[in-house]
Amino acid sequence: MSLRQLDAIMTPSLPDLTDRAGIKPLVNRFYEIVCKDANIGFIFEEIVQVNWELNLPNTYPFWETVLFRSGGYRGDPIAAHSKFVSKTEIGKAQFEHWLKLFRESVDSLFSGENARPIKRCAKDMANVIHGKMNGVQDPRFDPANLTPEHRIRYAKYKNQKEPEA
């Protein structure tokens with residue numbers, strides 16, 4: 001028997017994240033952990049002073065829209081987070097720690113088809129919000145970081161004529 005097979009037998013299977021019913025406990029657990037965290041909890045509790053009764057009901061449809069493309073979220077997360085830049089340092093280290101806690105929260109509750117995509121979406125979201133808040137260009141979009149294949153594809157796209165009206 002392989003280690004993978006043994007691990008599958010020994011590790012209890014967690015459910016997949018399939019709908020909003022899973023999003024709510026994930027978000028609740030995640031922010032419960034964040035608030036108590038020594039590295040970033042103070043940002044939420046002391047600096048920003050998040051009103052969780054108002055914030056969490058808006059956070060559920062955000063993640064539901066991110067993962068399931070439900071379209072239920074209405075808001076601007078970049079603007080919401082950017083207003084805190086002047087109050088405290090919210091740099092790459094803080095976003096990386098936030099992401100670590102998010103991944104751990106997902107892994108503690110879910111496995112399956114949607115567990116990996118929501119963690120990938122969280123990473124992308126953290127990179128975008130960090131970049132916008134701190135004026136840092138996302139290295140994925142820096143032309144210097146394009147592969148030769150991407151350069152060719154970008155050149156073709158860039159040289160296409162716009163359709164005439």
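**Close-up 1. Who lines the largest cavity?** The lining of the largest cavity splits into three nonpolar, one polar and three charged residues (Ala, Val, Leu, Ile, Met, Phe, Trp, Tyr, Cys and Pro count as nonpolar, Asp, Glu, Lys and Arg as charged, and the others, Gly among them, as polar). They are K92, F95, E96, L99, K123, A126 and N127. Helix 6 (92-109) and helix 7 (115-134) each give two or more residues to this lining, and helix 6 has the largest share, with four. Helices here are DSSP runs of H or I, at least four residues, numbered from the N terminus.

This is a predicted model, where local features need pLDDT of at least 70 and side-chain atom pairs count only at pLDDT 80 or more, while totals for chains, interfaces and linings use all residues. Residues are numbered from 1 along each chain as its sequence is written, and side-chain values use heavy atoms, leaving out hydrogens and water.

**Close-up 2. The space itself.** Searching the whole structure turns up one cavity of 30 Å³ or more. The largest cavity holds about 40 Å³ of space. On a 1 Å grid over the protein atoms alone, a cavity is a set of points where a 1.4 Å probe fits but cannot get out, and lining residues have an atom within 4 Å of a point. Points are joined across faces, edges and corners, and the volume is what probe spheres set on them fill.

**Close-up 3. Helix 2 meets helix 6.** The axes of helix 2 (residues 20-36) and helix 6 come within 9 Å and cross at roughly 135° (lines fitted to C-alpha atoms over the stretch in contact, with angles from 0 to 180 degrees between N-to-C directions). The two helices are therefore oblique to each other (angles under 35 degrees count as roughly parallel, over 145 as roughly antiparallel, 65 to 115 as roughly perpendicular and the rest as oblique).

Definitions and conventions: 1 Å grid on protein atoms, 1.4 Å probe; cavity = no way out; pocket = protein on both sides within 12 Å on 5 of 7 lines; lining within 4 Å.
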